[in-house]
Amino acid sequence: MTKLIWLSDLHFVAEGLVQGHDPQQRLDMAVAHVNAQHLDAACCVVSGDLVDRATAADYRAVRAGLDKLAMPWLPMVGNHDDRALVRALLPVPTGGMSDFVQYAMTTDVGLIVCLDTLTPGADGGSFCAARQAWLHDCLARNVGMPALIFMHHPPMALGLPMQDSDRLAEGEALLDLLAEHPNVRQLCIGHVHRPITGNIRGMPFATMRAVLYQAPPPVPAWDWDSFAPAREAPALGVIHMKDGGVLLQYEQFCDAEEGVR
Ligand SMILES: [Fe+2]
C-alpha cells in the first residue's frame, strides 16, 4: 500500500492575514497533524495556490513551513502562483516539462501525475497543446499502471458560484484525453476550497478543502462582492492506493476558529 497526503490552497503570506485567516498557523497545524498521524506517507502533494501574492519572500517562507513535513512534498501551481518562482525556489521534481510545473512520479503501486493548469495573470486555467501532448505521452508510456491525476483547476462545471468562469478553458479536451486511458483511477482537484466528489466520463473525481479558508456552498447564492469565508473547518486528504484501487479520507486538522482573527 502507498499512502499519500494531499494539501491544497495554502494561500500563504510571509506576514499578515488572508481573508481574516492566519496562513502560518494553518500551515503549521496541517504539518503537525501529518507528522503526528502519517509518518508512513510516501509523499505530500500540494495542489496549487501555494501562496496568495506570489512574491519570492512568500515562496521562501512557505517552503520553510512545508520542509517541516517528515516526507517529500510536491509543489503544484494554481492561479495565485508564479510558475518561474515555483521552479526557481521550490522542490519541483526533475524529469517533467521544462517550461511548466508538470511532472509524474512512479510509486510501488501507481503513477502520480501533477498537471500545470496555470494561465499567467488569470483566475481561470488553461491546458495547452504542449501540456496535453506531454500528458498523453506520459499515460501511454505507463499503460496498465494505476494513475492519480492532480490538477488545480476543475475541468468541469461543479455548480458553484463564479466557478464556471474560473474553470479550465480546455477542460473538455483534458477529459477526452484522460478518458482514453483506462489506467486513470482518480482525478484530484484544488481551487474550489470545498469538498465535492462525483464521476465524469466514468472517472471518479474529488476536490479538496483549503488549508486556509473555506468557500461557502452554492446556496444561498454568493459572488465575489458578497464573499465571506464559510465557518467550516479545513481538512487535508489522506490517499491510499492498493491493488489498483484508491481510498481518500478527508481529515480535519484543526477547528474552524483556529487561526481566524
Ligand atoms: Fe485557492
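Donors, in what follows, are N, O and S atoms within 2.8 Å of the metal (3.2 Å for Na, K and Ca); water is not among the atoms, so sites may look incomplete. With that in hand, the iron ion's donors are spaced D-x1-H-x37-D-x143-H along the chain. This is a predicted model, in which local features need pLDDT of at least 70 and side-chain atom pairs count only at pLDDT 80 or more, while totals for chains, interfaces and linings use all residues. Residues are numbered from 1 along each chain as its sequence is written, and side-chain values use heavy atoms, with hydrogens and water left out.

**The iron site**

Which residues coordinate the iron ion? They are Asp9 (OD), His11 (NE2), Asp49 (OD) and His193 (NE2), at 2.0 to 2.2 Å. The angles between the four donor atoms run from 87 to 179 degrees, which makes the arrangement irregular. For the record, four donors count as tetrahedral if all angles lie between 85 and 135 degrees; four count as square planar and six as octahedral if opposite donors are over 155 degrees apart and all others between 65 and 115; anything else is irregular.

Helices (H or I, at least four residues) and strands (E, at least two) are DSSP runs, numbered from the N terminus. Asp9 sits in the loop between β1 and α1 (23-37), and Asp49 in the loop between β2 (43-46) and α2 (56-66), so this pair ties together parts that are 40 residues apart in sequence. Both Asp9 and Asp49 are buried; buried means under 20% relative accessible area, exposed over 50%, and partly exposed in between (1.4 Å probe, protein chains only).

His11 is also in the loop between β1 and α1. At 1% relative accessibility, His11 counts as buried, and its phi is positive, about 45 degrees, although it is not a glycine.

Two strands pair if DSSP finds at least two bridges between them.

**The six-stranded sheet**

There's another open sheet, with six strands in the order β4-β5-β6-β7-β9-β8 and mixed pairing. Its edges are β4 (103-106) and β8 (197-200), each with a single partner strand, so one side of each is left without a neighbour in the sheet.

β4 and β5 form a hairpin with four residues between them. Leu111 and Val113 point one way from β5, Ile112 and Cys114 point the other way, and all are buried. As for β7, five of its six residues are buried.

Here are some of the strand pairs from both sheets.

| Strand pair | Sense | Bridges |
|---|---|---|
| β1 (residues 2-7) and β10 (residues 235-242) | antiparallel | five bridges |
| β4 and β5 (residues 111-114) | antiparallel | four bridges |
| β5 and β6 | parallel | four bridges |
| β6 and β7 | parallel | five bridges |
| β7 and β9 (residues 203-207) | parallel | three bridges |

Some opposite partners can be named too. Ile5 faces Val238 in β10, Met105 has Ile112 in β5 as its bridge partner, and Val113 stands opposite Ile149 in β6. Further along, Leu148 is opposite Gln186 in β7 and Cys188 is opposite Ala206 in β9.

**Cores**

A nonpolar core is a set of buried Ala, Val, Leu, Ile, Met, Phe, Trp, Tyr and Cys residues joined through side-chain atoms within 4.5 Å. The largest one has 48 residues, and Leu7, Leu50, Tyr59, Leu66 and Phe150 touch the most other members. Apart from it lies another core of 29 residues, including Val113, Phe127, Ile149 and Phe205.

**Two backbone details**

The peptide bond from Val219 to Pro220 is cis, with omega near -5 degrees, and Pro220 lies in the loop between β9 and β10. Arg201, in the loop between β8 and β9, has a positive phi near 55 degrees without being a glycine. At 38% relative accessibility, Arg201 counts as partly exposed.
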